[in-house]
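Dear colleague,

I am handing over the structure that we spoke about, and my notes on it follow directly below. Please read them with the coordinates open beside you.

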Amino acid sequence: MKTATVMSSRSWEAPVDFEQLSALAARVRGHIVDMCAGPEGGHLGGSMSIVEILVALYFHIMRIDPRLPENPDRDVLILSKGHSAIALYAVLAERGFFPVNELSTYGRPGSRLMGHPCRDIPGVEMPTGSLGHGLALGAGFALAAHLRASRRRTFVIVGDGELQEGSIWEAALGAANLGLHELTAIVDLNGLQQAGETEAVCSLKPLAEKWTSFGWSVEVVDGHDLAALLPVLAAPHSDPPRPRVVIANTIKGRDIPLVAGQVESHYVTLSPREHARMRDALHARVETGAAPETPGSRTRRAPRINGAVTVSTREAYRDALVGHMKANERLVCLDTDTGLFRNVDFGKAAGRFRNIGIAEHNVMGVAAGLAASGWIPFVNTMAAFAATRALEAVKIDIAYNALPVRIAATHGGLSAGHFGPTHHALEDLAVMRALPNMTVVVPADAAQTRALVEQTLTLPGPVYLRLGRKATCQLSDAVAPPVLGRLQWLREGEDVVIVATGLYPVLAALRAAEIVATRGVSVAVLNAHTLKPFDSDTLHAASVPATLVMTVEEHWPTGGLGAAVAESLSETLPRRILRATMPDTFIGVVGNHEYLLQSCGIHGDALAKRITDALEAGSAAPLRCSPNGKPGSHT
Ligand SMILES: Cc1ncc(C[n+]2csc(CCOP(=O)(O)OP(=O)(O)O)c2C)c(N)n1
Ligand SMILES: [Mg+2]
């Protein structure tokens with residue numbers, strides 16, 4: 001096998017062309033700004049802070065060859081702070097892993113460049129985005145090199161806010177104990193996380209001493225100074241051999257006027273004007289391939305949804321909670337650096353809001369302790385992290401003890417859109433339904449969120465509230481308020497019953513009902529805003545005259561709404577059930593929420609086709625209208 005000899009000839013011993021590296025860094029910054037002007041925007045601040053680190057690694061330090069990405073002796077980089085993916089994409093493209101003009105596809109339907117890195121992208125070693133994973137992954141790559149006596153070096157870039165995750169410190173302890181001296185962690189010490197200053201949220205001080213006490217050798221460096229960075233990163237290992245951490249002082253949003261050093265740089269979607277201003281400011285006169293589309297020129301391949309887009313369920317939750325906290329002194333709000341409550345005025349309830357930091361498992365334990373002491377904690381996190389990373393604490397500390405913790409889980413289902421699979425929550429309903437004492441609620445819109453948050457306030461046990469990300473149209477303008485624990489009738493019908501959960505599945509169900517109604521099939525539509533406890537009474541009443549029941553949800557096939565309906569009907573009223581879910585495969589597609597649902601068949605036309613196909617297949621004669629408007633073969 002060709003190995004080191006065909007690897008990059010670059011090495012620390014080679015002369016450094018600082019001018020070339022600086023020009024590369026400027027080009028990379030230009031690409032980052034361009035990507036933030038795309039339809040979905042991007043994590044600008046944390047990408048700008050690691051530009052020089054990535055340029056130094058990929059263009060001078062790491063032994064890599066884009067033509068041999070699988071070479072077992074290659075050096076490895078894990079971007080543990082995966083939200084800075086656009087910086088990595090820009091550097092990988094410049095380094096030749098894929099064409100530079102592919103960067104203009106970032107975040108768009110059909111692209112492979114999603115909001116967080118995934119393995120389909122040449123040069124990306126491991127998918128990241130859920131913070132706190134990368135150091136353990138890096139330890140694995142380093143251990144692999146140990147086992148085959150390879151010269152491989154492994155680098156892991158972690159955020160300073162990310163250091164609040166307990167898994168980082170388990171990995172740090174473990175790597176030192178394994179003697180992984182070829183492992184280098186680089187802390188992007190930009191002093192900011194999503195919701196504020198890292199020191200204010202959860203102090204890291206004394207940071208160097210912490211790493212030293214975990215058995216690491218520590219170097220502190222200016223993370224934007226290539227002349228300082230290169231020798232530190234190049235040093236093969238410390239003496240005595242230990243894993244090394246490079247604490248790089250950086251500036252979030254570096255070089256970007258108005259937002260440099262500001263928390264506002266965290267995530268931005270640039271208007272064409274802002275984009276032009278930032279490009280000018282960067283003085284980056286570099287060709288980057290296709291120009292980013294302006295918002296007006298986008299084609300949306302989404303289901304047609306009527307109604308003005310107004311407010312998201314997560315904002316409705318936030319506003320409702322703040323109101324309740326002012327009125328009820330037992331309510332506490334625990335945040336995990338979601339940024340949702342940034343600049344919110346809690347008034348006299350201000351002392352009962354705490355940002356615990358990026359520490360989802362920890363926050364569930366804190367919430368359980370508070371609840372056991374008589375408080376009613378609301379925990380804000382993303383659905384993906386609540387249902388998996390924090391699960392053991394949710395199960396053992398909260399659910400088993402039936403404590404009144406409310407888990408407000410944003411970015412439910414596919415609503416994280418182009419952020420990609422690390423941020424999608426498609427198992428959460430199954431997981432939360434499986435836990436004893438848990439109430440599981442999925443409001444379809446803002447008004448339902450307000451109503452259901454209020455109705456859950458007095459529940460003695462825990463509640464899982466699945467929320468979305470972006471503003472949507474509102475269903476409630478046309479329907480009665482929801483009643484916790486009850487299925488909500490949205491449309492009457494007799495031949496088929498569709499039960500849907502979440503706004504887009506509900507809208508798709510209503511559309512499908514309209515379509516098949518034109519063929520004389522009468523369809524009832526029920527909104528399942530409460531999945532547990534499940535309202536078998538209403539389901540059964542609706543299903544008695546029907547021959548077919550369909551469920552529609554943003555979830556894997558197992559354990560969600562389809563399962564709840566099947567469990568309920570199979571006990572006393574067996575019916576044929578069609579489940580519209582995500583396919584039981586990894587969804588590597590890039591696109592916004594609506595596009596992803598469309599590609600998984602959650603839209604009116606696809607559902608209508610499944611219904612008519614099923615009815616035709618189940619009947620002796622093809623589907624035909626009878627005089628009373630019902631299919632003749634289904635009497
Ligand atoms: C487990 C997990 N929790 C929360 C988030 C949401 N999130 C994305 S970036 C971010 C802030 C990260 O701060 P830091 O590590 O300092 O990186 P920087 O923003 O400075 O690049 C948060 C909370 C996440 N991606 N993963
Ligand atoms: Mg930071």
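Which residues in α1 meet which residues in α10? Before the answer, please keep in mind that this is a predicted model.

On the side of α1 the residues are Ala26, Arg29, Gly30 and Val33, and on the side of α10 they are His275, Met278, Arg279 and Leu282. By class, this contact of α1 with α10 has four nonpolar, two polar and two charged residues. As to geometry, the axes of helix α1 (residues 18-36) and helix α10 (residues 272-282) come within 10 Å and cross at roughly 175°, which makes α1 roughly antiparallel to α10.

Next, the domains. The domain assignment of the protein gives domain 1 (13-288), domain 2 (313-466) and domain 3 (488-617). The C-alpha centres of domain 1 and domain 3 lie 43 Å apart, and eleven residues of domain 1 are in contact with five residues of domain 3. The side of domain 1 that touches domain 3 has, by class, four nonpolar, three polar and four charged residues.

Six of its six residues are buried, so β2 is largely enclosed by the rest of the structure. Both faces of the strand are covered, with Thr154, Val156 and Val158 buried on one side and Phe155, Ile157 and Gly159 buried on the other. As for pairing, β2 is joined in the parallel sense to strand β1 (residues 76-79) over four bridges, where leucine 79 stands opposite isoleucine 157. Strand β3 (residues 183-189) also runs parallel to β2, and six bridges join the two; here threonine 184 in β3 is the bridge partner of phenylalanine 155.

Phenylalanine 534 lies in the loop between β15 (530-532) and α18 (536-543). This residue counts as buried because 21 other C-beta atoms lie within 10 Å, the cut-off being 20 or more. Leaving aside neighbours within four places in sequence, phenylalanine 534 is in contact with Ala564 and Ser568.

Leucine 204 has its place in the loop between α7 (198-201) and α8 (207-213). With 19 C-beta neighbours inside 10 Å, leucine 204 counts as partly exposed, since a buried residue needs 20 or more. Not counting residues up to four places away in sequence, leucine 204 touches Asp160, Leu163 and Thr198. From leucine 204 to valine 479 the distance is 50 Å, C-alpha to C-alpha, and the two are 275 residues apart in sequence.

With best regards

Notes:
Residues numbered from 1 in each chain as written. Chains lettered and ligands numbered in written order. Predicted model: local features only at pLDDT ≥ 70, side-chain atom pairs only at ≥ 80, totals over all residues. Buried ≥ 20, exposed ≤ 12 C-beta atoms within 10 Å, placed from the backbone. Contact = placed C-beta atoms within 7 Å. Axes fitted to C-alpha atoms, helices over the stretch in contact; angles between N-to-C directions. Parallel < 35°, antiparallel > 145°, perpendicular 65-115°, else oblique. Nonpolar A, V, L, I, M, F, W, Y, C, P; charged D, E, K, R; others polar. Domains from an automatic or database assignment. Pairing = 2+ DSSP bridges.
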